[in-house]
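Hi everyone, thanks for coming. Let's have it up on the screen.

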Amino acid sequence: MTERNPVLQVREISKTYPGESPVYALKKTSLNFMPGEFTAVIGCSGSGKSTLLRILGTLDRSDTGELIIEGHSVDSLREAQIARFRRRRIGFVHQDYNLFPEYTAWENVILPIRLDSAAEDQKKTARLFEALGIAHCRDRFPHELSGGEQQRVSLARALVIEPAVILADEPTGNLDAENSNRVAELLRFACDEYRQTIIMVTHDAAMTDYADRILRIRDGVVTE
């Protein structure tokens, strides 16, 4: 695949949550995400942005349409195949960090590699710790880290597998302004330094300053 091709595509995806009053979370959405592109998706609570991110991350399936990652139609895969594909090709950065409290920062970062029974490149991981400014956190446990440090460990864990795309779900939601800017700068750094494709969902308009592209979502409708 050349760099002119999208890393991730969605074609005419829709998602409805049934009930007495059905919720149309996504309406006929088609999008392309290019290599090394930082996209911010902004919208208020209930707008459909979390649904979009879950579908992009293969954590949920759309009712209609198609999800294509690196040329692979994910919807045609079985659940076990999707789980393996997700583990290898999609990195996640969560609002609440999702670190394992019993593991050190280093152990948390390399966990996806161990789960995949892959060989660990310690030098590469050490360089990643240095680049993200968390080398001093290597042997510390999550409760010994600040919120900003925990989020940087979470970002390192997403980057270490060299994924096709990183999905960041309100990554600065639990941080103060200084740490929010630091994390946004590091997402920008990952995009520029590693040619990483990043899709960040946020309700904070200030975070969109770091993105190459802004998508707005309202009532399940996405606009550029």
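This is a predicted model: local features need pLDDT of at least 70, side-chain atom pairs count only at pLDDT 80 or more; totals for chains, interfaces and linings use all residues.

I'll start with the whole chain, then go to a sheet and its helix, and finish with the cores.

If you'd like dimensions, the C-alpha trace spans about 50 × 35 × 35 Å along its principal axes.

A few more overall values. Buried residues account for 50% of the 224 residues in the chain. The accessible surface is about 11,100 Å², and 46% of that belongs to carbon and sulfur atoms. And if you take contacts between residues at least 6 apart in sequence, 71% of them join residues at least 24 apart.

Okay, on to the sheet. In which order do its strands lie? It's an open sheet of four strands, and the order is S2-S1-S4-S5, with antiparallel pairing. Strand S2, residues 23–33, and strand S5, residues 72–73, are the edge strands, each pairing on one side only. As a bit of background, strands of a sheet pair through backbone hydrogen bonds, either parallel or antiparallel.

Let's walk across it from the S2 side. S1 and S2 make a hairpin, with five residues between them. Seven bridges join these two antiparallel strands, and if you want a spot to look at, find Thr 16, which stands opposite Tyr 24 in S2. Next step over: S1 pairs with S4 through five bridges, again antiparallel. Here Leu 8 has Ile 69 in S4 as its bridge partner. Then comes the last pair, where S4, residues 64–69, and S5 are antiparallel over two bridges. Ile 69 turns up again here, with His 72 in S5 as its bridge partner.

Now, what lies across this sheet? Helix H1, residues 49–56, lies across S1, S2 and S4, and it runs at about 125° to S1. Is Leu 52 buried or exposed? Its relative accessibility is 1%, and buried means under 20%, so Leu 52 counts as buried. Leaving out neighbours within four places in sequence, Leu 52 is in contact with Ile 13, Leu 26, Leu 31 and Val 41. For a sense of distance, Leu 52 and Ala 105 are 53 residues apart along the chain, and their C-alpha atoms are separated by 29 Å.

In general, nonpolar side chains in soluble globular proteins tend to be buried together. The largest nonpolar core here has 37 residues, and the members touching the most others are Phe 38, Leu 132 and Leu 155. Several elements give two or more residues to this core, including strand S3, helix H5, helix H6 and strand S8. Zoom in on Phe 38: beyond residues up to four places away in sequence, it touches Ala 184, Leu 187, Cys 191, Ile 198 and Met 200, among others. Apart from that core lies another, of 27 residues, with Phe 92, Leu 167, Val 201 and Val 222 among them.

Terms used
Residues are numbered from 1 along each chain as its sequence is written. Side-chain values use heavy atoms; hydrogens and water are left out. Two strands pair if DSSP finds at least two bridges between them. Contact means heavy atoms within 4.5 Å. Axes are lines fitted to C-alpha atoms, for helices over the stretch in contact, and angles run from 0 to 180 degrees between N-to-C directions. A nonpolar core is a set of buried Ala, Val, Leu, Ile, Met, Phe, Trp, Tyr and Cys residues joined through side-chain atoms within 4.5 Å. Buried means under 20% relative accessible area, exposed over 50%, partly exposed in between (1.4 Å probe, protein chains only). Accessible areas come from the Shrake-Rupley method with a 1.4 Å probe; for residues, only the protein chains shown count as cover.
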